[in-house]
Amino acid sequence: MPPRTIAVAGHVCLDVTPTFAPDAHVDLTPGALVHVGPAVRSIGGAVGNTGLALHRLGQPVRLIGKLGEDGFGRGVVGILNDIDPDLAEAMTVAPGETSSYSVVIDPPDADRMFLHCPGANDTFTDADVDWDRIGDAAVLHFGYPPIMRSMLDPEPAYRLFAEAGRRGVLTSLDMTAIDPDSPAADVDWPGWLRRVLPTVDLFLPSLDETLTMLGQPLAQPTPHVIMTAADRLIELGARVVMLKLGEHGAYLRTTSDPPPRLAALAGDGWADRELYAPCFDAQVAGTSGTGDCTIAGFLAAVMRGEGPIDCLTAGTAVGGASVETTDATSALPAWPAIAKRVAEGWPRHAASPGFDAWTSRDGLRAGPRDASS
C-alpha cells in the first residue's frame, strides 16, 4: 500500500524576487532607475513553503490553494508542474479573480521590502477544498488564515476542520503574523480560536503569533511565558500545541486526551507531554519559511509513525536544514540525509535560559508536567 498523502491548504502566492549584484548600491527614491538581474520566481505562503518542504522530504503531498485565471496563476501551476505534475491537481482556478503575488525587493545594502497582492486568497473558504481531488489524504494542514480575508470569520475554518474530522483526517493549523493595520487586527482572536480549536488536532503557531492573538505583549520565550501561552490555548480547545520559538527552538504541550486520529498515525505516548527542543547548529543563509519547514518536518514524522520526541526532533532538524540556503525549500535535502546528520550527532544550541533546569531527554528537555518526568 503506497504512503498516504498530506493535503496542505491555505495561502499561496507567486514570489517574484529581482536579483542584485552583491556590491550593488540600490537607490529606491522616486524616479530612480535601478538595474537588476534576472528575477527568481518561487511559490510562497503556507502552501508553497510547507507543501514543497514535505515534497522535498519525500512525503506524498497535495497542494490546495486558490489562483486566478491569469499569468501569475499560470506561473504557480507551471512551477508546480516542473517539480511534479501531481502537486497542482487540487489547486482551484477561479475565473475573474487575481492570483496573489509578491514582489520581494531584497537589496544587499538595505532591509527587504514587499509589495503584496492578496488576490484570490481573500475569497478562499472551505468550499474551495475539493475532497475528491485530495484522494486518500491522512492529514489536512491549513496555513495563514490571518491574511485570508474570508477566513477571518471562524465559520469556514470550523466547517473545513469539522468535515476533515468526519472523514477521519488528522487536522493541523498554522497561523501567521497579524498586521496591526489590517482587518485581522480587529478580529476577536480568542473567540475565533474557541470556535475552531476543538476541531483541530495539531495547533502549530509561533509564540509571537500566539501572544498577539491572546492580546498579550510580545515577550522573551521564557518557560513561564511559553507555558502560560500554551495553557491558554488548551483552555480554548487545543489538545496538541507546538509553539515555534524562532532561534530558540520549539515547545510541545499535549493534554491527557490527545486526538485519537493522532494515535492512529503516530502511536501512543502523546498524553501529557511537555517537551522543549533547542535549535540545531546551522550556518544561517536565510530564515524565510523556516517555521513552515519545521511544521513539514513534524508532520512528516507523524506520518512515519514516530512519537512526540522524534517528531519534535524532526521538526527542528528540518527547520535547521532550511536556514542553510537563502530560500526555504529548493535545496532542502530529503529526510534520510537530515536523519543521518541527526544520528551522527548534529550539535544543538544550548538550551535557552530557564530550560536548562528541565530534565534532559534524548537531546530535548522534558518539562515539569511531562508524563515521563
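Partly exposed means a relative accessible area between the buried limit, under 20%, and the exposed limit, over 50%. All views show a predicted model.

**View 1. Asp-106 in the loop between strands S7 and S8.** Strand S7 covers 101–105 and strand S8 covers 113–117. Asp-106 has a relative accessible area of 37%, so it counts as partly exposed. Leaving aside residues up to four places away in sequence, Asp-106 touches Phe-20 and Arg-112. Thr-19 lies 87 residues from Asp-106 in sequence, yet their C-alpha atoms are 7.8 Å apart.

**View 2. Helix H4, residues 154–166.** H4 has 13 residues. From first C-alpha to last it reaches 18 Å, close to the expected 18 Å. At its start, a side-chain oxygen of Asp-153 comes to within 2.9 Å of the backbone nitrogen of Glu-155. After the helix comes Gly-168, with a positive phi near 80 degrees.

**View 3. The buried residues of H4.** They are Pro-154, Pro-156, Ala-157, Leu-160, Phe-161, Ala-164 and Gly-165. Down the helix axis they fall within an arc of 165 degrees, so they line one face of H4. These residues pack against helices H3 (131–134), H5 (189–196) and H8 (260–266). They also pack against strands S9 (139–143) and S10 (170–174).

**View 4. Thr-210 in helix H6.** H6 spans residues 207–213. Thr-210 has 0% relative accessibility, so it counts as buried. Its contacts, not counting residues up to four places away in sequence, are Pro-205, Ala-229, Leu-233 and Leu-243.

Definitions and conventions. Residues are numbered from 1 along each chain as its sequence is written. This is a predicted model: local features need pLDDT of at least 70, side-chain atom pairs count only at pLDDT 80 or more; totals for chains, interfaces and linings use all residues. Side-chain values use heavy atoms; hydrogens and water are left out. Helices (H or I, at least four residues) and strands (E, at least two) are DSSP runs, numbered from the N terminus. The expected span of a helix is 1.5 Å times one less than its number of residues. Buried means under 20% relative accessible area, exposed over 50%, partly exposed in between (1.4 Å probe, protein chains only). The arc is that of the directions from the helix axis to the C-beta atoms. Contact means heavy atoms within 4.5 Å. A polar contact is a pair of N or O atoms within 3.5 Å; within protein, one must be able to donate a hydrogen and the other to accept it, and residues adjacent in sequence count only if both atoms are side-chain atoms.
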